[in-house]
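Q: I'd like to learn how to read strands, helices and domains in a model like the one below. Can we walk through it together?

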Amino acid sequence: MATNQFFNNFNFGQTQTLYENLVIESIKMYGADVLYMPRTLVKEDVLYREDTLSIFDDAIEVEMYVKDVEGFGGDGDLLSRFGVEVYDTVNLTVSKKRFNQARAENLMLEVGYNMIQEDGDELLLESETDQGYNFIPGSNTTSVSMYRPREGDLIHFPLSNTVFEVKFVEDEETFYPHGTLYTYELRCELFQFSSERFTTGNTSIDTMALNESLDLRASEFLLEDGNKLLTEDGDSIIFESASIDSDDVQIGVNVESIDGLAQNDFYRQQSISIIDFSERNPFAGVQDY
Amino acid sequence: MFGHKFYHSTLRKYVIMIGNMFNDIEVARTDNSGNVVQTIAVPIAYGPKQKWLARVTNFPDLNDQKFAVTLPRIGFEMTSLNYAPERRLNSLQNHYKLSATDSKALKAMYSPVPYDIEFSVYILVKNAEDGTQILEQILPFFTPEFMSTMRLMPEMDLNLDVPTILTSVSSEDVYDGNFEERRALTWQLDFTVKGYIFPPVRDRSGLIKSTTINMNIPNMEFDNQTVTTGISNSVISNTEALGTVFSRPALKADGTPTSNASLSVPLSQIDADDDYGFSTSITENI
């Protein structure tokens with residue numbers, strides 16, 4: 001062994017535990033409570049390597065330390081050929097232990113530590129097995145489908161009421177103090193929303209996403225059992241506020257009421273007096289072929 | 001020199017035409033069983049805009065931007081205008097239209113000037129599949145042109161078939177780099193609109209209702225001899241005329257046409273769209 005065997009700087013468990021406790025305590029004192037929303041893949045496209053139907057169906061509160069003290073980073077607000085885009089970034093630090101605790105839904109003490117059974121196993125919430133996490137008898141842990149923050153997950157930042165996407169998780173930002181790693185640094189950017197479905201159970205977030213969604217089917221009438229209310233033709237029925245009917249053209253969702261810069265209906269209205277529609281607009285829909 | 005006060009909003013109409021082509025595009029997302037579970041309407045907007053207006057429209061109370069941007073979306077802009085000499089029309093040709101309010105007045109306009117108007121349409125998507133869906137809804141309709149019948153000059157009742165030609169399709173996918181850089185997946189479609197720009201419309205207040213033709217024989221060489229009549233080949237005054245042909249429309253009071261001027265109502269009471277006849281009288285001054 002090349003290093004001095006009488007100095008143990010990197011493998012002393014009690015010091016590491018003390019250090020970790022201090023980190024957690026610091027984050028609890030100076031951090032902010034955010035909502036962590038893991039991404040659920042619904043339909044992964046193995047060709048393009050993307051998931052177009054991601055769902056965010058959980059929102060877990062966990063404290064994180066905001067590393068940026070002078071405001072959000074990134075490109076900020078900019079005007080592009082597509083309209084106004086905002087690319088704020090934020091770097092957040094979360095304790096590894098606290099992230100696992102929050103994610104695994106263990107029963108915790110008031111101070112934020114897991115309750116341990118006599119045999120060393122952690123106590124889990126009764127509903128845990130329904131959440132997709134498997135308790136492993138005899139072990140001192142749980143097997144969860146996600147054991148670290150993942151790129152692509154979302155974070156609701158309450159101070160600005162905005163949703164950030166985790167772009168990169170850095171676990172070696174603080175380089176092995178006392179021989180181990182205690183935190184994740186999450187490098188986040190404001191989320192590019194593409195009408196993903198939010199069913200987190202947090203009414204505020206779910207409503208926020210629904211209000212921004214351009215998904216026509218998000219406005220469908222549902223029966224009490226959750227099935228769609230259909231017409232005789234099999235078409236679904238959408239809320240009146242989500243549809244427009246001008247010049248016998250039905251597009252289903254009023255884009256302009258959702259997107260302030262959109263001009264879809266403006267062009268439609270203006271074109272009535274400009275374009276001779278005896279030739280039908282080919283882009284109005286398949287049924288107009 | 002060009003100080004005619006007129007504006008037909010023609011370029012504005014071309015912009016609306018392009019915007020209207022792509023304002024009903026939707027992206028369908030299916031689950032693993034092939035069932036459509038999402039139908040996303042794609043917003044479209046003209047790209048260039050006043051910055052302050054975009055800012056206050058998007059952020060009326062500075063608390064409205066929950067996300068970076070909503071995707072997919074389409075932006076477009078008019079990029080250039082180029083004269084199209086191959087479509088040049090006879091510049092002396094006039095288009096006429098009878099005034100809608102005054103049957104004695106005409107509106108006249110010289111031939112429009114052909115211009116190729118270039119447009120670029122940009123598509124920003126988050127998923128590659130969204131982009132290909134949008135493209136496949138557009139491309140089949142351009143072979144490579146798509147014809148729109150446009151009411152470009154309603155003042156002149158002038159409808160024109162305007163071809164829009166798809167000249168190129170390109171994509172840019174910035175997917176490489178470090179993980180903190182966002183992926184930017186855009187498609188660009190370039191179009192050429194074979195349009196026209198229109199000159200001013202002028203009022204022609206007086207219809208020509210009668211003609212007087214004075215005739216004489218000018219000085220000429222005939223059979224190697226010079227015949228002198230005293231009249232040069234120029235404007236012939238009434239006193240110099242050997243003969244005069246006078247023509248006018250003739251209409252009886254009951255609205256039937258006639259060729260007898262003495263039976264006709266005065267010229268001022270005959271309109272262009274009446275069913276009139278012609279009266280011609282020839283006077284000899286020899």
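Predicted model: local features only at pLDDT ≥ 70, side-chain atom pairs only at ≥ 80, totals over all residues.

Q: Which residue stands opposite Trp187(B)?

A: That's Ile123(B), facing Trp187(B) of S11(B).

Q: How many bridges join strand S10 of chain B to S11(B)?

A: There are 10 bridges between S10 (residues 158-174) and S11(B), and these two run antiparallel. One spot to look at is Ile165(B), whose bridge partner in S11(B) is Thr192(B).

Q: What should I keep in mind about side chains along a strand?

A: In a regular strand, side chains alternate between the two faces of the sheet.

Q: Then is strand S11 of chain B largely enclosed or open?

A: Count residues under 20% relative accessible area, the cut-off for buried. In S11 (residues 184-197) of chain B, 11 of the 14 residues are buried, so the rest of the structure largely encloses this strand.

Q: And helices? How do I check the span of helix H1 of chain B?

A: Take 1.5 Å a residue: the 12 residues of H1 (residues 10-21) should span 16 Å, and the end C-alpha atoms are 17 Å apart, so the two agree. H1(B) is also mostly covered, with 10 of its 12 residues buried. Among them are Tyr14(B), Ile16(B) and Met17(B).

Q: Last one: how far apart do the domain centres of chain B lie?

A: Chain B is split into domain 1 (10-203) and domain 2 (208-284). Their C-alpha centres lie 56 Å apart.

Conventions: Residues numbered from 1 in each chain as written. Chains lettered and ligands numbered in written order. Heavy atoms only, no water. Buried < 20%, exposed > 50% of the residue type's maximum accessible area, 1.4 Å probe, protein only. Helix = DSSP H or I, 4+ residues; strand = E, 2+ residues; numbered from the N terminus. Pairing = 2+ DSSP bridges. Domains from an automatic or database assignment. Expected span 1.5 Å × (residues − 1).
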